[in-house]
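The sequence and structure are shown first.

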Amino acid sequence: MSADAEPELELVRVRVPAKINLALRVGPRSEDGYHPLVNVFQAVSLFDDVTAETAPGGEVGLQLVGEQPGVPADEDNLAVRAVRLLAAEHGDPGLGVRLTLRKTIPVAGGMAGGSADAAGALLACSVLWDLDVQPDQLTALAARLGADVPFALLGGTAIGTGRGDVLAPVLSRGTFHWVLGLSAQGLSTPRVFARFDELSTPAEEPLEVPDALMEALRTGRAEALAGVVGNDLQAAALDLRPDLADVLERGRRLGALAALVSGSGPTCAFLCADESAAIDVSTKLGREPAVHAVRRVHGPVEGARLIS
Ligand SMILES: C[C@](O)(CO)[C@H](O)COP(=O)(O)OP(=O)(O)OC[C@H]1O[C@@H](n2ccc(N)nc2=O)[C@H](O)[C@@H]1O
Ligand SMILES: Nc1ncnc2c1ncn2[C@@H]1O[C@H](COP(=O)(O)OP(=O)(O)OP(=O)(O)O)[C@@H](O)[C@H]1O
């Protein structure tokens, strides 16, 4: 190694946000089993950390920090699948890594926690292994791992079309304050989409994002945004989990401007007028027996980023 060569990295840490869906319009199921979506994502300040450390030839190890019921600690973990895909497409089979996941995003909560870990693993290993891979190539790999994975890389506010993975950033001013009502039990995303199919006769008209939603994001007015958020999967999630209807209603009564299920649920997201309203709602909602835990977050925040 020459005197001025960069030393090889031995550890890379990446932080990745959860998402809320501000608008989720769902079309009829396609032949491939997926549904065409118009999906307005906002990244919020609830994060998983993914650490990647060098490991000897070809070995991919995974450690989960803290108890994480329901999260596979083997090859099924989306973060492990992500690094295998990255090595196969842009590296070589000899590349090894030891991954550590520190999760705070609820598991099977409708906030794209597994997708966040996959996005974090892609970014971390591309840096650790010093791969010549462009951001659009990482995004293409992300889309192969899951519909929500590309947005976890991008962050901010964005519209997803196709399966929800074809992204266009959206102009959004200011900061929105949210309270999240978490459930003790997760909901399976395929199950919620299947219930959506059973319950609905999806409209034939093209899926669109209301102009009023774009305008509310441009102006940063929470009151305006509250009138136009919506989730086509909400009825299916409530059908599977009727108790969530009470949680949404409690949040509205406590002063939230809007209450909706995030993505496929069961996490309930409450939009508040400002930070102090969010503190008030979260304190009171936390006392509700039906709510397992509350988190206070803001958005938009940036997507997957290196923190060391
Ligand atoms: C509900 C959302 O979280 C909203 O952001 C996403 O659409 C789901 O994203 P995701 O969990 O990353 O989805 P994937 O892992 O790609 O797919 C999981 C399952 O969700 C269903 N799925 C997902 C995306 C989509 N456009 N149509 C679907 O029907 C399919 O049953 C699929 O087998
Ligand atoms: N790294 C991971 N973290 C969490 N779950 C994982 C992970 N890898 C695989 N899984 C599996 O994926 C399932 C869904 O987990 P996840 O937390 O991503 O759900 P979600 O947030 O509802 O997803 P989305 O909002 O993208 O539909 C889990 O129940 C678990 O079996």
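## Overall fold

Of the 308 residues of the chain, 48% count as buried. The model is a predicted one. It contains 10 helices and 12 strands. The radius of gyration is 20 Å, close to the 19 Å that the globule rule gives for 308 residues, so the chain is as compact as a globular protein of that length.

Along the principal axes, the C-alpha atoms occupy a box of roughly 65 × 45 × 35 Å. When contacts between residues at least 6 apart in sequence are considered, 76% join residues at least 24 apart.

## Domains and their contact

The chain is divided into two parts, domain 1 (11-169) and domain 2 (176-299). Between the C-alpha centres of domain 1 and domain 2 the separation is 23 Å. Domain 1 brings 28 residues to the contact and domain 2 brings 31 residues.

On the side of domain 1 that touches domain 2, β1, β2 and β5 (157-161) each supply at least two residues. By class, that side of domain 1 has 17 nonpolar, 9 polar and 2 charged residues.

## Ligand 1

Ligand 1 has 19 residues around it, of which Gly 146, Ala 147, Asp 148, Arg 163 and Gly 263 come nearest. Its shell has 7 nonpolar, 10 polar and 2 charged residues.

At least two residues of the shell around ligand 1 come from each of β1 (11-26), β2 (37-55) and α5 (189-199). The largest share, 3 residues, is that of α5. Ligand 1 lies between domain 1 and domain 2, because both give residues to its shell.

## Ligand 2

Ligand 2 is surrounded by 23 residues, and the closest are Ala 112, Gly 113, Gly 114, Asp 117 and Thr 189. Sorted by class, the shell around ligand 2 comprises 9 nonpolar, 11 polar and 3 charged residues.

Helices α1 (78-90) and α2 (113-128) each provide at least two residues of the shell around ligand 2. With 4 residues, α2 gives the most to this shell. Domain 1 and domain 2 both contribute residues to the shell around ligand 2, so ligand 2 lies between them.

## Helix α3

Helix α3 spans residues 135-145, and within it Leu 138, Leu 141, Ala 142 and Leu 145 are buried. These residues are on the same side of α3, because they cover an arc of only 105 degrees around the axis. The cover over the buried residues of α3 includes α1, α2 and α4 (149-154).

## Helix α9

In helix α9 (residues 243-253), the buried residues are Leu 244, Val 247, Leu 248, Arg 250 and Gly 251. Seen down the axis of α9, they fall within an arc of 160 degrees, so they line one face of the helix. Asp 246, Glu 249 and Arg 253 are exposed on the other side of α9.

The partners against which the buried residues of α9 pack are β7 (176-182), α8 (234-240), β9 (258-261), β10 (268-272) and α10 (275-285). After α9 comes Gly 255, which has a positive phi, near 115 degrees.

Glu 53 is in strand β2. Apart from neighbours within four places in sequence, Glu 53 is in contact with Glu 10, Leu 11, Val 97 and Arg 98. Arg 84 is 31 residues from Glu 53 along the chain, and the C-alpha atoms of the two are separated by 15 Å.

Gln 68 is placed in the loop between β3 (60-65) and α1. Gln 68 is partly exposed, with 14 other C-beta atoms within 10 Å. Not counting residues up to four places away in sequence, Gln 68 touches Lys 103 and Val 107. Between the C-alpha atoms of Gln 68 and Val 301 there are 25 Å, and the two residues are 233 residues apart along the chain.

Methods: Residues are numbered from 1 along each chain as its sequence is written. Chains are lettered from A and ligands numbered from 1 in the order in which they are written. This is a predicted model: local features need pLDDT of at least 70, side-chain atom pairs count only at pLDDT 80 or more; totals for chains, interfaces and linings use all residues. A residue is near a molecule or strand if its C-beta atom, placed from the backbone, lies within 6 Å of it. Ala, Val, Leu, Ile, Met, Phe, Trp, Tyr, Cys and Pro count as nonpolar, Asp, Glu, Lys and Arg as charged, and the others, Gly among them, as polar. Domain bounds come from an automatic or database domain assignment. Two residues are in contact if their C-beta atoms, placed from the backbone, lie within 7 Å. A residue is buried if 20 or more other C-beta atoms lie within 10 Å of its own, exposed if 12 or fewer, and partly exposed in between; C-beta atoms are placed from the backbone. The arc is that of the directions from the helix axis to the C-beta atoms. The radius of gyration is taken over C-alpha atoms; the globule rule is 2.2 Å times the number of residues to the power 0.38.
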